[in-house]
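Here is a short briefing to read alongside the sequence and the 3D view. Have both open, and hop between them as you go.

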Amino acid sequence: MSSATDNHIHENNHHNGSRIAKKPKLSSSFITASEIETEFGHHDTSVARINNGSFGCCPASIIAAQHRWQLRYLRQPDHFYFNDLNTGILQSRTLIKDLVNADHVDEISIVDNATTAAAIVLQHTAWNFREGRFQKGDVVLMLHYAYGAVKKSMEAYVTRAGGNVVEVPLPFPVNSNDEIVSEFRKALERGKSNGNRVRLAVIDHVTSMPCVVIPVKELIQICREEGVDQVFVDAAHSIGCTDVDMKEIGADFYTSNLHKWFFCPPSIAFLYTRRNPKGSGSDLHHPVVSHEYGNGLAVESAWIGTRDYSAQLVVPAAMEFVNRFEGGIEGIKKRNHDAVVEMGEMLAKAWGTRLGSPAHMCASMVMVGLPVCLGIGSDSDALELRTHLRDAFGVEVPLYYRPPREGEVGVITGYARISHQVYNKVDDYYKFRDAINQLMQNGFTCADLSG
């Protein structure tokens, strides 16, 4: 099993001052195992960190690059503002544009995170309701497993402005893309049932909890066929985790963080807004209004007042880092996927459970069923058990409570979302396995943690 987690590393004498590579190396010299350990030497070695999905990770070489940008600003802020900032952000936007295969750099804005991007898009939708371009009761569609902050943004922007939010219920565990497509079609019909128009569909690319890779291209095609005005893909996890191609996906708006799976420091995300000859979408604005208001979203987002912009300036360093690996980011994605599926299957076999979805619906994260005997009966049980695993066993992994459906008896109600990133080792997953096994041997249930 260790073969899945060794990252196919080869020996090299990498020179840190080499020029930024836009494509993966063709040479046989790649980052070594010891160099990876050094890059992530600031991680707490007492913890099995199998939760890259929540906060990501940042190697030492990129932290150093960030620090250099910070010092450049602090050394002479005026020079930095007038000469360095816009040039640096444009370079980052250009690299992201190439990475996601967008048509033009003007389609790429850099923002703090996917939550900010969602606020920008949903704020625009709210204005359309308030200014009469959308009718009260018109629909915005979103997945039931949408990220919690996006659901709150729906409440803050869309519902308050008179929009009707329709959720797409998704099965979990899930066995095929067809199950998701079927539920999506049904929700679209509900949205249109009273003669209302579906103005916006918000679709996750990789849902957060439970994590499943959503067939976004197929759902977007359905939206086009059914007359949905616009599609926003919330892909917080996608860059560095699954395939991202703006031309192939075909969304109007698309966002992804670069601090989760692309090794940037917190926090940085991009928001893609597709160019439209009719001008639709050109009036998106950053919710923090500063001097650049009205100069286009990309320019507005590049200056929202005095703050630390260094995370947005290290994309070239992140690109250099990923290209130290065989196959670049594509190679990293494939090895992470293969390893996390292998580790998930190992855990499910050890506990007599199952994965939450087939391998092709996983990226670099997998849902693994936990033993029924643990007695996970609520969201609070899942959170308390997660805390117990952290405090008592040094295992960091998010847990999910899946309520039993009517008539279900003895089903798996608890799932762990495990991640795999380049710094992970097989022992991280063995530590998790052994912790759960010890709890079972001790006759533990979640009821032991309450009161």
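**Helix pair H5 and H6**

The axes of helix H5 (residues 114–130) and helix H6 (residues 148–159) come within 9 Å of each other and cross at roughly 25°. That makes H5 roughly parallel to H6, a label used for angles under 35 degrees, with over 145 counting as roughly antiparallel, 65 to 115 as roughly perpendicular and the rest as oblique. This is a predicted model: local features need pLDDT of at least 70 and side-chain atom pairs count only at pLDDT 80 or more, while totals for chains, interfaces and linings use all residues. Residues are numbered from 1 along each chain as its sequence is written, and side-chain values use heavy atoms, with hydrogens and water left out.

- H5 passes H6 in a right-handed crossing, where the near helix is turned clockwise from the far one by less than a right angle.
- On the H5 side, the contact (heavy atoms within 4.5 Å) includes Thr115, Leu122 and Phe129; on the H6 side, Val150, Met154 and Tyr157 are among the residues involved.
- By class, this contact of H5 with H6 has 10 nonpolar, 4 polar and no charged residues; Ala, Val, Leu, Ile, Met, Phe, Trp, Tyr, Cys and Pro count as nonpolar, Asp, Glu, Lys and Arg as charged, and the others, Gly among them, as polar.
- Helices (H or I, at least four residues) and strands (E, at least two) are DSSP runs, numbered from the N terminus; axes are lines fitted to C-alpha atoms, for helices over the stretch in contact, and angles run from 0 to 180 degrees between N-to-C directions.

**The seven-stranded sheet**

- 7 strands make an open sheet with mixed pairing, in the order E2-E8-E7-E6-E5-E3-E4; two strands pair if DSSP finds at least two bridges between them.
- Strand E2 (108–111) and strand E4 (164–168) stand at the edges with a single partner strand each, so one side of each is left without a neighbour in the sheet.
- From one strand to the next, the twist averages 20°.
- H6 packs on this sheet, touching strand E3 (139–143), E4, strand E5 (198–204) and E6, and its direction makes about 175° with that of E3.
- Strand E6 (residues 230–234) and strand E7 (residues 253–257) pair in the parallel sense over 3 bridges, and Asp234 stands opposite Thr255 in E7.

**The three-stranded sheet**

- An open sheet of 3 strands has the order E9-E12-E11 and antiparallel pairing.
- Its edge strands are E9 (365–369) and E11 (399–401), each pairing on one side only.
- E11 is joined to strand E12 (residues 414–419) by 3 bridges, and Leu399 has Ala416 as its bridge partner in E12.

**Helix pair H14 and H15**

- Helix H14 (residues 379–393) and helix H15 (residues 426–441) pack at about 105°, with axes 11 Å apart; they are therefore roughly perpendicular to each other.
- Their contact divides into 7 nonpolar, 2 polar and 1 charged residues.

**Backbone details in loops**

- The Phe172 to Pro173 peptide bond is cis, with omega near -5°, and Pro173 is found in the loop between E4 and helix H7 (177–192).
- Another cis peptide bond joins Met209 and Pro210, with omega about 0°; Pro210 lies in the loop between E5 and helix H8 (216–225).

**Confidence**

- The protein averages a pLDDT (the predictor's confidence in each residue, from 0 to 100) of 91, and 92% of the residues score at least 70.
- Over residues 1–22 the pLDDT is below 50.
- Where pLDDT is low, the predicted coordinates should not be read in detail.
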